[in-house]
Amino acid sequence: MLTILQLPVLNDNYIYLLHDPLSGETAAVDPALAQPVLDELARRNWQLTYIFNTHHHGDHVGGNLELKARTGCQIIGAEADKHRIPGIDRCVNDQDTVQLGQQTAQVIATPGHTSGHIVYYFAAANALFCGDTLFVMGCGRLFDGTIGQLWQSLQTLQTLPATTRIYCAHEYTQNNGRFALTLEPDNVALQEKMADVATLRARQQATVPSTLAQELATNPFLRTDSKALQTAVGLQGGDSLVVFTRLRALKDVF
Ligand SMILES: [Zn+2]
């Protein structure tokens, strides 16, 4: 079993603490800040073994150096980002594996949001830590990656099992869902999802994780084959990448 804790920090970031009970090893995924991680470690009497970074943005690596100094943890990140991930110790590439005690994560390169973005997929635990590549009902905007890369990365993630839990790095769900509803107002799965999201947010609860199955039913960026969606953006019968490009541009100004 992989224990997964979700720490909400800053305006809308999530840091994940992963713990393998058998070995006692613990990893922090994308620690925006050090102190909330240190506090949680102390509460649980856990030692930090690793930091797993998905990409170099400050709200994902901001706690790296302090955590390393305080815990001696090893920092793992993409080879492509080795010049811009603070304190990086081990560089990984697409299809590499990383261990957390008995738990194995596959590294999948998902450029697009940034050119070096990677995600960590724990197949046995059915959990994907996808940073800013895939969000609940949305996807990351483009910084130094390309739209074609982002498209391909999301295609790759869609090949994972539908039951995969999607642990993204931001609580952007409600805004993403409002955008999705402008495109597919008659999508019943989307309507039901948004009702659930409204209930959760009214209680200030997280809407993350979702599942890949839910994303396939509701996330416009995974639904470029939907006729209703194509019609909504004026590209009926359009090439999927062209539809996707239009969606990303529309969301950028939503
Ligand atoms: Zn980012």
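Predicted model: local features only at pLDDT ≥ 70, side-chain atom pairs only at ≥ 80, totals over all residues.
Helix α5 (residues 173-183) and helix α6 (residues 188-202) have axes that come within 10 Å and cross at roughly 155 degrees. Angles over 145 degrees count as roughly antiparallel, and α5 and α6 are therefore described as roughly antiparallel to each other. The crossing of α5 past α6 is left-handed. Where the two helices meet, α5 contributes Thr173, Gln174, Gly177, Ala180 and Leu181, while α6 contributes Leu190, Lys193, Met194, Val197 and Arg201.

Stepping back to the whole protein, the secondary structure comes to nine helices and 14 strands. With a radius of gyration of 18 Å, close to the 18 Å that the globule rule gives for 254 residues, the protein is as compact as a globular protein of that length. Taken along the principal axes, the box filled by the C-alpha atoms is roughly 55 × 40 × 30 Å. Of the 254 residues, 46% are buried. Among contacts with a separation of 6 or more, 57% are between residues 24 or more positions apart.

Turning to the strands, six of them form an open sheet in the order β7-β8-β9-β10-β13-β14, with mixed pairing. The edges are taken by β7 (97-100) and β14 (210-211); each has a single partner strand, so one side of each is left without a neighbour in the sheet. Strand β7 runs antiparallel to β8, and four bridges join them. Within this pairing, Thr97 has Gln106 in β8 as its bridge partner. The two strands form a hairpin with two residues between them, in which Gly101 takes a positive phi near 60 degrees.

Strand β8 (residues 103-109) also pairs with β9 (residues 118-122), again in the antiparallel sense and over four bridges. Here Ala109 stands opposite Ile118, and Ile108 stands opposite Val119. Five of the seven residues of β8 are buried, so this strand is largely enclosed by the rest of the structure.

Another antiparallel pairing involves β1 (residues 3-9) and β2 (residues 13-19), which are joined by seven bridges. Thr3 stands opposite His19 in this pair. The two strands form a hairpin with three residues between them, and Leu10 is in the turn. Most residues other than glycine have a negative phi. Leu10, however, has a phi near 50 degrees, a positive value in a residue other than glycine. Leu10 is partly exposed, with 13 other C-beta atoms within 10 Å.

Leu10 also features in the surroundings of Asp59. This aspartate lies in helix α2 (residues 58-61) and touches Leu10, Asn13 and Ala32, leaving aside residues up to four places away in sequence. Asp59 has 19 C-beta neighbours inside 10 Å and so counts as partly exposed, since a residue is buried if 20 or more lie within that distance.

With 7 other C-beta atoms within 10 Å, Gln204 is exposed. Pro209 lies in the loop between α6 and β14 as well. Most peptide bonds are trans. The bond that joins Val208 and Pro209, however, is cis, with omega about 10 degrees.

Definitions and conventions. Residues numbered from 1 in each chain as written. Buried ≥ 20, exposed ≤ 12 C-beta atoms within 10 Å, placed from the backbone. Contact = placed C-beta atoms within 7 Å. Rg over C-alpha atoms; globule rule 2.2 N^0.38 Å. Pairing = 2+ DSSP bridges. Axes fitted to C-alpha atoms, helices over the stretch in contact; angles between N-to-C directions. Parallel < 35°, antiparallel > 145°, perpendicular 65-115°, else oblique. Left-handed = near helix turned anticlockwise from the far one by under 90°.
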